[in-house]
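Student: I am new to this structure and would like to work through it step by step. May we begin once it is in view?

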Amino acid sequence: SPWNAYFLNVSAETMVSRQGEWSPCAYTLLASGSKTHFNAVMLPFEKTGIQDARDLVQDIPGCNGAAFWDAGQQGYVQYDPSVPGSVNFQVNAGHAYLVHATANTVWPDGMPGKPALLAADPGDPVHAPHLVWGPWIGTSQKADSLVSCILERPGEFLTSTSPGCIICNEGWVVQCASFASPWKAGETCRVRIFLENGTVQQWSARLSWEPSDEAMPAGLFASPSSPSGSGTMPFTLLESLPNPFNSKVHLLVQTASPGRIKLDILDLAGRKIRRLADGLAGPGPVRLSWDGCDSSGKRVPSGVYIAMLQEENGGRKCRKLILAQ
């Protein structure tokens with residue numbers, strides 16, 4: 001229909017031409033309430049003063065967020081003025097955008113509008129844009145990566161290179177629309193932030209139908225005091241994130257007190273591919289990473305590998321790793 005906004009997928013760069021004068025367009029924006037529903041609009045050509053998402057949000061009465069589909073990344077980029085570090089992306093006349101409205105309005109005013117709400121049952125899982133975010137708290141260390149999952153679907157991961165996920169000076173942001181499966185309110189999003197000094201922060205947020213949720217800090221590892229009262233915990237190879245992995249996998253080790261550890265990557269025949277650690281560690285969490293290369297720096301083939309942790313007391317812990325290139 002004329003005036004309505006659409007999203008197109010193209011196989012090559014192209015250009016759409018026009019003849020005659022531009023028809024003025026206006027949109028009846030419907031309030032989303034507490035639902036993650038966005039109105040699809042086209043930036044009118046007469047709105048020459050709107051250059052970025054912040055301008056767009058400020059120009060629309062009752063608007064508190066905007067998003068667009070990034071064809072290059074195949075994911076949403078979302079701007080929310082309440083989220084530190086969210087991307088204030090550039091906007092262009094004639095392009096399609098999603099805007100979140102808190103009140104019914106016609107934009108631009110002065111002419112009849114066309115309904116533009118993308119409706120969905122708020123009880124169903126959705127792929128709508130939704131941010132989970134957190135500020136930096138109690139650390140002067142810089143973060144170099146993040147890994148996020150929804151606890152109800154632990155096999156799906158996002159990283160700092162996933163569409164809409166960022167690490168910046170103000171904090172970090174995860175775009176839930178980038179998960180392979182739709183998300184829904186009531187699920188729990190868990191985020192782990194890997195700091196340059198090797199420590200890890202864990203955050204969690206219970207998802208709502210709002211456009212964004214602030215995560216709360218949570219401890220990554222259990223207390224060194226065990227429930228049985230023994231006072232210490234043994235070395236434990238906790239997790240490998242993400243797994244399967246492509247470029248890098250993070251291996252998390254918990255130590256209750258200083259001790260010597262060895263961490264080797266083995267193939268399924270038991271041959272050592274690479275040693276990641278051999279020395280004192282702890283107390284506390286330690287992060288080690290494997291980039292999929294052997295000890296000579298050569299990339300190993302896709303397949304299943306074993307991370308084996310050897311403890312000073314003779315114990316061993318193993319974790320299966322899946323390298324998918």
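Tutor: A disulfide is a pair of cysteine sulfur atoms within 2.5 Å. Please keep in mind that this is a predicted model.

Student: How many disulfides does the rule give here?

Tutor: Consider Cys176, whose closest cysteine sulfur is that of Cys189, 4.6 Å away. A disulfide requires the two sulfur atoms to be within 2.5 Å, so the sulfur of Cys189 is too far from that of Cys176 for a bond. Cys189 likewise is in no disulfide, with the sulfur of Cys176 as its nearest cysteine sulfur. By this rule the count is 0.

Student: Is Cys176 buried or exposed?

Tutor: Buried means under 20% relative accessible area. The relative accessibility of Cys176 is 0%, and therefore this residue counts as buried.

Student: And is Cys189 buried or exposed?

Tutor: The cut-off for burial is again under 20%. Because Cys189 has 0% relative accessibility, Cys189 is classed as buried.

Student: Which residue of β5 stands opposite Met42?

Tutor: Strand β5 covers residues 96–101 and runs antiparallel to β2, with 4 bridges joining the two. In β5, the residue opposite Met42 is Ala96.

Technical notes. Residues are numbered from 1 along each chain as its sequence is written. This is a predicted model: local features need pLDDT of at least 70, side-chain atom pairs count only at pLDDT 80 or more; totals for chains, interfaces and linings use all residues. Side-chain values use heavy atoms; hydrogens and water are left out. Two strands pair if DSSP finds at least two bridges between them. Buried means under 20% relative accessible area, exposed over 50%, partly exposed in between (1.4 Å probe, protein chains only).
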